[in-house]
Amino acid sequence: MAKIIGGITSSHIPAVGNAISNNLQQEPYWKRFFDGYGPAKEWLKNARPDVVIVVYNDHGLNFFLDTVPTFALGCADEYFNADEGWGLKPVAPFKGNAPLSWHLAESLVEQEFDITMCQEMKVDHGFVNPIRALYGDHEIWPVEAIPLAVNTVQHPVPTARRCYKLGKALGKALESYPEDTRVVILGTGGMSHQLQGERAGIIDTDFDLECMDKIATDPEWFANLSNTDIMRIAGTEGIETIMWMVMRGALKDDAKVIHKHYHAPISNTGAGVLVLDNEAE
Amino acid sequence: MGWQERDYDSIPGTYVFDGKRANPAYALNKLLYTLNEEHCRLEFAADPEAYCDKLGVKGEFKKAVLEEDFLGMLRMGANIYFMAKMAIPRGTSVQDAGAAFQGITTEEFIANLQKRAEGLTDKIKSRGDYWNG
């Protein structure tokens, strides 16, 4: 049976990709941010997942506004990165796991999550940067990856509670997969930031730290927040933090907190790393 | 019937990207989206006006694109992520755009971001269960 080994959260700020490409991890601006990934990398090395499911939002690379799926699952053999219009060098393509993806799609629809299935899906910084921060760059990635995109760009976006429920359904879907596949869920995006409007530049470190604590040990607290509550405190783009709840929902209620790391600002953003072990006693 | 008021409309200095922005700015956002492709970037750069016409970007929207008025574009409903595809290669980062919204310099904007995180390592230390270097 497939096993959920644990979950990791990570922000997915574009500048993080540039820092990795330019090897700036030990520069003063970046050192504390990247060093805080150390324990997460260590844990991941021992966890040895076969597959990571990356919960992220597309920022206008794969999805235009003609069709905006609320939840979209990659069901392909391979996923390609692209330059996103910024002229950056794309990273190597990611190998997917189509049989697992299609199983997830079947199980999620059975559980009344009517997910959009994607046989072609370009993956942007939201998907790529957390993998790069955790694994470094590779020509052949050491893990298979499945994208699960959540609309956080065009409102109405799903609520934190809906994301939490999707996570629970995802957990059930994985438990019913007959192959012995080891899975880690990455919940990406956030934390507090606002890029647009006269209110741009919002970072609320107290709220971010509270969110990290509560998502780990009292996810109902976060599930009770409305999207307006979250945007009011954490900024319009801070709404991305709802995607952490997909990861949280997939894990056991008493999953063990292995690591917590928070740094701000990176670019315009508060950046958090949470590692939860689903098997630790 | 017009656009209904939403509770998030009362957040000051904030333009939540919903139907009332996505609908009128559809052609503008489509133009911005095409800039994902190198051949579209070249075509746009060669003749911005013709490119606007081809994508159906008209009136005030077209004027803002031709003047590279990123602030105006955002106010008219350009989505920040789509707009970044035009702005960043032209030397306007999202921090420059944020600063312009507030009428301050980018340096001041960045300094304000730093201020919001002041005392962070002490705060984290007092919580006890966070990695802190």
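Leaving aside neighbours within four places in sequence, which residues is Glu84(A) in contact with? In this predicted model, local features need pLDDT of at least 70 and side-chain atom pairs count only at pLDDT 80 or more, whereas totals for chains, interfaces and linings use all residues. Residues are numbered from 1 along each chain as its sequence is written, chains are lettered from A and ligands numbered from 1 in the order in which they are written, and side-chain values use heavy atoms, with hydrogens and water left out.

Contacts (heavy atoms within 4.5 Å) link Glu84(A) to Leu61(A), Asp124(A), His125(A), Asn36(B) and Lys85(B). Glu84(A) lies in the loop between strand 4 (78-79) and strand 5 (94-95) of chain A; strands are DSSP runs of E of at least two residues and helices runs of H or I of at least four, numbered from the N terminus. Glu84(A) is buried but has no salt bridge, the nearest side chain of opposite charge being Lys85(B), 4.6 Å away. Buried denotes under 20% relative accessible area (1.4 Å probe, protein chains only), and a salt bridge requires a side-chain nitrogen of Lys or Arg within 4 Å of a carboxyl oxygen of Asp or Glu. Lys and Arg count as positive and Asp and Glu as negative, while His and the chain ends are not counted.

Over all chains, the structure holds 17 aromatic pairs, defined by ring centres of Phe, Tyr or Trp (its six-membered ring) within 6.5 Å, with planes over 60 degrees apart counted as edge-to-face. Phe71(A) and Phe113(A) form an edge-to-face pair, with 6.1 Å centre to centre and 65° between the planes. Both Phe71(A) and Phe113(A) are buried.

Conventions. Buried < 20%, exposed > 50% of the residue type's maximum accessible area, 1.4 Å probe, protein only. Phe/Tyr/Trp six-rings, centres within 6.5 Å; stacked < 30°, edge-to-face > 60°.
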